[in-house]
Amino acid sequence: MGGIKDQDFVAPPSTCMDSSFPNKRLYQIWKGRNKFLCGGRLIFGPDASSLVLSTFLIGGPALTFCIKTFSRLSNVDFLYSQTVLIVGLVLTLLDLIFLFMTSSRNPGIVPRNNQPPESDSASNSTSSMEWINGATPDLKLPRTKDVFVNGYTIKVKYCDTCLLYRPPRASHCSICNNCVQRFDHHCPWVGQCIGVRNYRTFILFVTTSTILCMYVFTFSLLHILEEPGHIWTVMSHDVISVILIAYCFIAVWFVGGLSVFHFYLMSTNQTTYENFRYRYDKKENPYNRGMINNIKEVFFSKTVPSLVNFREWVTEEDDDLALESISKKFGGDIIKSSMKVDLELGLFGKDGKTIPEMLQNLDYNGIEDSLKKDKGGKIDPFFLTPDQEDKYDTGDSAVDDCGSHDGSHRTSSVVFHNRG
């Protein structure tokens with residue numbers, strides 16, 4: 001029996017095409033691991049639950065400090081205590097707002113392609129001779145290609161998941177499963193990638209956290225020093241202030257060190273990913289425009305518009321047809337009508353389980369017809385395509401007379417030709 005040819009990848013009958021496909025928002029069928037709220041307006045990472053922990057770690061000590069300050073309004077100068085209380089509340093509120101804005105904003109997700117770029121156009125400005133042939137063996141695409149940024153040659157890599165050449169400074173986050181513009185890092189404390197669209201609020205969040213830690217530490221210490229009596233006696237009576245001092249002293253080393261590090265990155269126009277990977281201190285940074293201009297770019301430039309409208313209406317039909325066209329063009333003979341293809345995970349069988357990569361690359365054309373016959377000499381329907389099942393059901397099937405006799409006395413051989 002011949003192998004599966006391109007004509008097997010035909011469109012469904014017209015009756016199926018006429019059926020209505022339900023319209024959905026893009027965020028409902030998005031292949032990344034993001035979590036969406038408010039109809040796709042709020043975009044969180046897959047570990048968004050860490051936002052609750054961060055809110056507790058910030059809001060708990062800060063509100064405790066504010067309540068402690070409020071209880072001392074009648075004992076000390078009213079204006080002084082009131083000012084300390086209001087500033088503490090404002091810093092706490094700002095810190096939580098910046099945290100939520102960083103976690104719920106699109107960091108700069110790059111839209112995915114439905115199919116790989118054309119091989120001719122992709123190889124025009126390429127210096128890499130390493131070809132991509134894992135998911136699409138019939139397509140020749142270079143692993144990297146050269147682009148020019150500010151007079152410098154920058155290598156951009158091909159993303160096998162998003163089926164595109166990443167823009168300069170973009171990288172694929174393995175946690176969120178998205179390519180992100182100006183990817184800095186994935187922050188577990190905010191549960192979101194830090195990219196071009198939320199880096200500003202991230203810096204404000206880290207800086208405000210540092211200021212809040214120093215503020216609570218300073219005035220909690222002053223609360224103890226202002227009380228009459230020996231300091232150890234006062235500390236034994238004011239345990240809450242002692243805990244706040246110890247907590248803020250430990251926390252400020254983390255958020256303070258992070259603030260200093262990112263101030264250095266801003267001044268030199270680097271990302272965390274670039275700093276650890278490329279080491280621009282050993283070579284020229286093509287994005288560095290001077291300290292003042294670099295800082296102005298972060299704080300005073302317009303927010304980059306989102307490349308993906310997660311609220312736009314799409315149809316599942318479009319998504320299925322896109323996958324079908326990719327299967328037809330690049331799948332070869334190994335993709336059968338009983339399988340489905342997923343751009344992220346590969347091939348699936350009827351049971352929904354992933355087919356091992358080794359089996360995906362095998363040639364099944366050498367299976368003898370006798371293997372496909374049962375002991376009664378009939379063709380086993382398991383091996384038939386839907387069109388062939390209709391043929392045999394109508395009595396047009398041709399049964400080999402020797403099949404039932406020889407099939408019970410010898411073992412059929414299966415020949416696998418590995419294409420890899």
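Reply: What follows is a set of questions and answers about this model, which is a predicted one.

Me: Why is Thr201 called buried?

Reply: Thr201, which lies in helix 5 (residues 199-226), has a relative accessibility of 6%. Buried means under 20%, and therefore Thr201 at 6% counts as buried. Leaving aside residues up to four places away in sequence, Thr201 touches Phe98, Met101 and Thr102.

Me: What makes helix 5 roughly antiparallel to helix 7?

Reply: The axes of helix 5 and helix 7 (residues 239-268) cross at roughly 150° and come within 8 Å. Because angles over 145 degrees count as roughly antiparallel, the crossing angle makes helix 5 roughly antiparallel to helix 7. The residues of this contact divide into 21 nonpolar, nine polar and no charged, and helix 5 passes helix 7 in a left-handed crossing.

Me: How do you know that strand 6 and strand 7 pair, and in which direction do they run?

Reply: Strand 6 (residues 144-149) is joined to strand 7 (residues 152-159) by six bridges. At least two bridges are needed for a pair, so strand 6 and strand 7, with six, count as paired. The two strands run antiparallel, and Lys145 stands opposite Val156 in strand 7.

Me: What lies between strand 6 and strand 7 in their hairpin?

Reply: Two residues lie between the strands of this hairpin, and Asn150, in the turn, has a positive phi of about 55°.

Note on methods:
Residues are numbered from 1 along each chain as its sequence is written. This is a predicted model: local features need pLDDT of at least 70, side-chain atom pairs count only at pLDDT 80 or more; totals for chains, interfaces and linings use all residues. Side-chain values use heavy atoms; hydrogens and water are left out. Helices (H or I, at least four residues) and strands (E, at least two) are DSSP runs, numbered from the N terminus. Buried means under 20% relative accessible area, exposed over 50%, partly exposed in between (1.4 Å probe, protein chains only). Contact means heavy atoms within 4.5 Å. Axes are lines fitted to C-alpha atoms, for helices over the stretch in contact, and angles run from 0 to 180 degrees between N-to-C directions. Angles under 35 degrees count as roughly parallel, over 145 as roughly antiparallel, 65 to 115 as roughly perpendicular and the rest as oblique. A crossing is left-handed if the near helix is turned anticlockwise from the far one by less than a right angle, and right-handed if clockwise. Ala, Val, Leu, Ile, Met, Phe, Trp, Tyr, Cys and Pro count as nonpolar, Asp, Glu, Lys and Arg as charged, and the others, Gly among them, as polar.
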